Structures are given as structure tokens and as C-alpha cells.
Amino acid sequence: HPDEVEWVKRNFRTRVIGVTAPPEVRFQRLLSRARASDTLTLEGFTQADERDRGIGEPAHGQQGDACVELADHVIQNTGTSEHLTMKLQEILFGLGVEGNPRMQERR
């Protein structure tokens, strides 16, 4: 919830990194991982996605889109997990936060 993001930023003097991907990409990933707890229909996914993003939700409900808007950095997660890790490392290095030593060795 946006209030929680603002509270964390204010009380911990921290930066927030948002990670997002288009619904089509996330649905395909959901299908490929095929967990028993996942909703494997497009209709079920769309309902859950809209709820989580805050579409049609009350102000006190889920507000994922608003949280991403409050992020200091946003990663578009449309590639591989390795690509996501590299983008995250770039942000962390830019903030002066040491990353995973194995990632530093690859550079």
C-alpha cells in the first residue's frame, strides 16, 4: 500500500526499487511455473492482477500501481532472471550499495 511505502521511506531513509512487467509477460510466467496454488486461467489472472494493482479497489485496498509510482527506481522485468539481477545490481551499485560478490566477478 502507498502509505506503507511512504512510511518505510520516511522511517528508514531508504530507497524503494519497484519491479514490474506487463500482464502478458506475467501471465506467461505463471503458466510456465504451473504451481498448484496459481490461478491458471486468463480470467482468474486478470481479476487478481487488477485487484493487486488497485483497479476498482477502495483506497484502503491493494494499490500496487501507486506503490510502483512511489518507487525511486523501477525495473521493467521483461527479460530473463539474469537480466533482472543485472538491472538490480546496476541500481545497487549506483546507490553505493555493495552487490553480490559473484556479480562483481562477472563484470
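A residue is called buried when its relative accessible area is under 20%, exposed when that value is over 50%, and partly exposed in between. In this predicted model, R26 has a relative accessibility of 27% and therefore counts as partly exposed, whereas D49, at 8%, counts as buried.

These two residues lead into the charged pairs of the structure. Side chains of opposite charge can pair when their charged atoms come close. The side chains of R26 and D49 meet in a salt bridge, with 2.6 Å from N to O. Because R26 lies in helix α2 (residues 23–33) and D49 in helix α3, this pair ties together parts that are 23 residues apart in sequence.

A salt bridge with 3.1 Å from N to O joins the side chains of D65 and R53; since D65 belongs to helix α4 and R53 to helix α3, the pair ties together parts that are 12 residues apart in sequence. R26, D49, R53 and D65 are linked in a network of salt bridges, and the whole structure holds six salt bridges. One of them is formed by E90 and K87, at 3.8 Å from N to O, and these residues, three apart in helix α5 (residues 81–94), are separated by about one helical turn.

Between α3 (42–53) and α4 (64–70) runs a loop that includes Q63, which is buried, with a relative accessible area of 15%. Beyond its neighbours within four places in sequence, Q63 is in contact with several residues, among them H1, P2 and R53.

On the surface, W7, V8 and F12 form a nonpolar patch with about 310 Å² of accessible area together.

How values were computed: Residues are numbered from 1 along each chain as its sequence is written. This is a predicted model: local features need pLDDT of at least 70, side-chain atom pairs count only at pLDDT 80 or more; totals for chains, interfaces and linings use all residues. Side-chain values use heavy atoms; hydrogens and water are left out. Helices (H or I, at least four residues) and strands (E, at least two) are DSSP runs, numbered from the N terminus. Buried means under 20% relative accessible area, exposed over 50%, partly exposed in between (1.4 Å probe, protein chains only). Contact means heavy atoms within 4.5 Å. Patches are made of residues with over 30% relative accessible area and no salt bridge: like charges are joined within 9 Å, nonpolar side chains (Val, Leu, Ile, Met, Phe, Trp, Tyr) within 5 Å. Accessible areas come from the Shrake-Rupley method with a 1.4 Å probe; for residues, only the protein chains shown count as cover. A salt bridge is a side-chain nitrogen of Lys or Arg within 4 Å of a carboxyl oxygen of Asp or Glu.
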